[in-house]
Each structure stands twice: as C-alpha cells, then as structure tokens.
Amino acid sequence: MSASSSSIAGSGQRSIHAWLLLLPALVLLVAFTHWPAVATLIDSFYSTPKGARPAVWVGVENYQSMVDDPVFWQAVRNNLWFAAATIPASIGLALLMAVWVNERIAGRTFVRMAYFTPTVLPMIAVANIWLFFYTPQYGLLEQVTGALGLPSHNWLGSPSTALGAITLVAVWKEAGFFMIFYLAALQTLNPSLKEAAAIEGASRWYFFRRVQWPLLMPTTVFVLVNAVINAFRLVDHVFILTRGGPDNATTLLLYHLYEVGFKFWDTAYAAAITVVLVVVLSSVALFQFFVLDKKVHYQ
C-alpha cells in the first residue's frame with residue numbers, strides 16, 4: 001500500500017472515530033432539541049385533539065388566533081418592559097460587583113459568596129422568599145416602610161407595581177450569575193495593563209472605560225445572549241408571586257404559554273406561541289453573535 005493510500009485510510013478511520021464519539025451527544029441533541037422543535041412547528045398547523053376528535057389541519061388559524069388575542073399582546077408588552085429593565089440592570093450590576101470583588105478588599109471571599117448565593121438558590125425558593133418580603137401588612141418591606149412612616153402598599157396586588165416587583169426579583173437572582181463570568185474575564189486580563197495605566201497617571205474610571213471595558217466585550221456578548229433568553233423564559237417567579245395578575249399585569253410570554261397549554265389545554269395554540277417565541281429568540285441570538293460579535297475586540 002502506498003503512503004498516500006495509507007494516509008487516506010488513517011484519515012478515514014480518525015473521521016469515523018470522531019463521529020462515533022460525537023454520536024451520543026448528537027442523538028440527545030436531535031431527540032430533545034431538534035425533533036421537538038420540528039414537532040412543535042407541525043402541531044401549530046393542526047387543531048387541538050380533544051377526546052375522540054383527532055387533530056385536523058387548520059393552516060395558520062392558530063397564528064390568526066394569536067394575532068387576535070389581547071392577552072397575548074399584553075404579555076408581549078409586559079415581556080418587552082421586563083426585558084428592557086432586567087437586561088441592562090442585571091448586566092450593569094454584575095459588572096459593578098465583579099470589578100469591586102476583583103480588587104483587594106476586606107472579606108473579599110465572603111462578599112463573592114454573598115453575591116453568588118442567589119444564583120444557587122432554587123427559583124421557587126427565591127420566589128417564596130420575596131413573597132414574604134412583599135406580603136402586605138406583615139412582610140419585611142411593609143415593616144421597613146411602616147417604620148419610616150410610609151403608607152402601606154400591596155406591591156404584588158397593584159397593577160402599577162407588580163411587574164416592577166417581579167423585575168427586582170429577577171435582577172437579584174441573575175446579577176450574581178453574570179458576575180461570575182465578568183470576574184473570570186477580569187482575572188484573565190494582563191496585570192501589566194493596570195501597571196502601565198498607573199504609571200501614566202490614568203484614573204480608575206479612565207482605565208476601566210478605555211482598557212477593561214473593551215477587553216470585556218466578548219464576555220458582554222455572551223452574557224447579553226443569556227440575559228435576553230432569561231428575560232423571555234421566566235415563569236417560576238410569576239407562578240408563585242402573582243399568577244399573572246392583577247388583570248394580566250405580570251403575564252409574561254412563557255407564563256401565557258403555560259396557561260394556554262396546561263391550564264386551558266389548547267396545545268395547538270400553545271405550539272404556535274412556542275414557534276413565535278423560538279423564532280424571535282433565535283433571531284436575536286443570531287443578531288448578537290453575527291452583528292455585535294464583529295465589533296468585539298479579542299486579545
């Protein structure tokens with residue numbers, strides 16, 4: 001056998017070996033991600049089967065029902081406001097915490113642990129903790145406002161404050177998680193950059209704005225993608241704290257999807273909402289990776 005033939009055979013064996021190693025992950029990916037997505041797309045064009053009545057082809061009727069559904073549009077507006085508040089707040093707070101705990105401060109390990117603790121708590125537990133904070137008359141927040149002489153307020157029962165209350169819970173839960181990524185990125189930066197800036201007499205703000213922040217952009221893009229996805233997949237806190245009320249003031253898209261699919265048992269309409277949600281999130285993620293990524297500076 002010639003050397004070229006032997007090289008081709010060896011390359012083919014390595015390729016087969018590589019695909020065999022990837023096969024378990026590919027099977028799981030197709031079985032639990034790609035096939036459910038395709039099945040959901042197909043189900044969105046059928047009616048919901050009920051009893052002895054099988055599903056029938058209805059075309060875009062479910063999507064038309066979505067367009068005519070006022071609760072769906074209310075959920076869209078709520079989710080947009082929720083995302084507009086939680087994404088910049090959680091990312092900004094995470095960056096601020098990471099920069100602080102990256103410095104040599106007293107009790108740095110304890111502070112890092114305190115910031116990260118909300119992340120490891122189960123979402124249901126977090127919602128119940130904040131439910132106690134927000135409970136009228138005897139909740140922690142009511143005790144504080146009462147001690148300050150402020151009037152009592154039903155934070156989760158008022159349409160004007162319910163969504164803001166849930167937003168605060170989400171920021172508290174997510175900021176510590178994003179902080180870990182920023183802290184890891186800060187610790188990979190070359191220490192000589194800070195030393196050079198100190199020699200040149202640059203202020204800490206100037207050093208952060210001109211050096212650290214541009215070098216943290218790859219981490220920011222990654223965190224931004226996760227923050228957008230998290231903003232549109234929140235359901236646990238809404239379920240425990242408000243159940244979408246009052247008067248759908250805190251109904252977010254995923255909670256509306258849950259109600260349609262599992263409370264009203266309209267699985268076909270729920271499939272249509274799922275398709276729209278997946279398409280929107282995928283488009284946003286692709287835009288972030290392929291458009292914003294071009295403006296990112298890599299070391």
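This note goes through selected features of a predicted model.

1. **Ground rules.** Residues are numbered from 1 along each chain as its sequence is written. The model is predicted, so local features need pLDDT of at least 70 and side-chain atom pairs pLDDT 80 or more, while totals for chains, interfaces and linings use all residues; side-chain values use heavy atoms, without hydrogens or water.

2. **Record annotation.** An unreviewed UniProt entry lists residues 76-286 as "domain: ABC transmembrane type-1". UniProt positions follow the numbering used here, feature names are shortened, and annotations may be inferred rather than shown by experiment. In the model this span is 75% helix and 0% strand, with its end C-alpha atoms 21 Å apart. Helices (H or I, at least four residues) and strands (E, at least two) are DSSP runs, numbered from the N terminus.

3. Residues 80-101 are 100% helix and 0% strand, and 32 Å separates the end C-alpha atoms. For residues 213-232 the figures are 90% helix, 0% strand and 27 Å.

4. **Helix H7.** H7 bends by about 30° at Ala-175. The bend is the angle between axes fitted to the seven residues ending there and the seven starting there.

5. **Aromatic pairs.** How many aromatic pairs does the structure hold? There are 18. Rings of Phe, Tyr and Trp (its six-membered ring) pair if their centres lie within 6.5 Å; planes under 30 degrees apart count as stacked, over 60 as edge-to-face and the rest as tilted. Phe-239 and Tyr-258 are edge-to-face, at 5.7 Å centre to centre and 85° between the planes. Phe-239 is in helix H11 (residues 236-241) and Tyr-258 in helix H12 (residues 253-263), so this pair ties together parts 19 residues apart in sequence. Separately, Trp-130, Phe-132, Phe-133, Tyr-134 and Trp-172 form one aromatic cluster.

6. Phe-239 is partly exposed at 27% relative accessible area, and Tyr-258 is partly exposed at 29%. Buried means under 20%, exposed over 50%, partly exposed in between (1.4 Å probe, protein chains only). Arg-243 lies over the face of Phe-239, 4.1 Å from the ring centre. The criterion is NZ of Lys or CZ of Arg within 6 Å of the ring centre and within 35 degrees of the ring normal. Arg-243 sits in the loop between H11 and H12 and is exposed at 51%. Its phi is near 55°, positive in a residue other than glycine.

7. **Rest of the H11 to H12 loop.** Pro-246 is in this loop. The peptide bond from Gly-245 to Pro-246 is cis, with omega near -5°. Leu-252 is also found in the loop. Buried or exposed? Leu-252 is buried, at 1%. Beyond neighbours within four places in sequence, Leu-252 is in contact (heavy atoms within 4.5 Å) with residues including Ala-75, Phe-82, Leu-163 and Val-238.

8. **Trp-265.** Trp-265 lies in the loop between H12 and helix H13 (267-290). Its phi is near 55°, a positive value in a residue other than glycine. Leaving aside neighbours within four places, Trp-265 contacts Thr-48 and Val-260. Lys-50 is 215 residues away along the chain, yet 9.3 Å separates its C-alpha from that of Trp-265.
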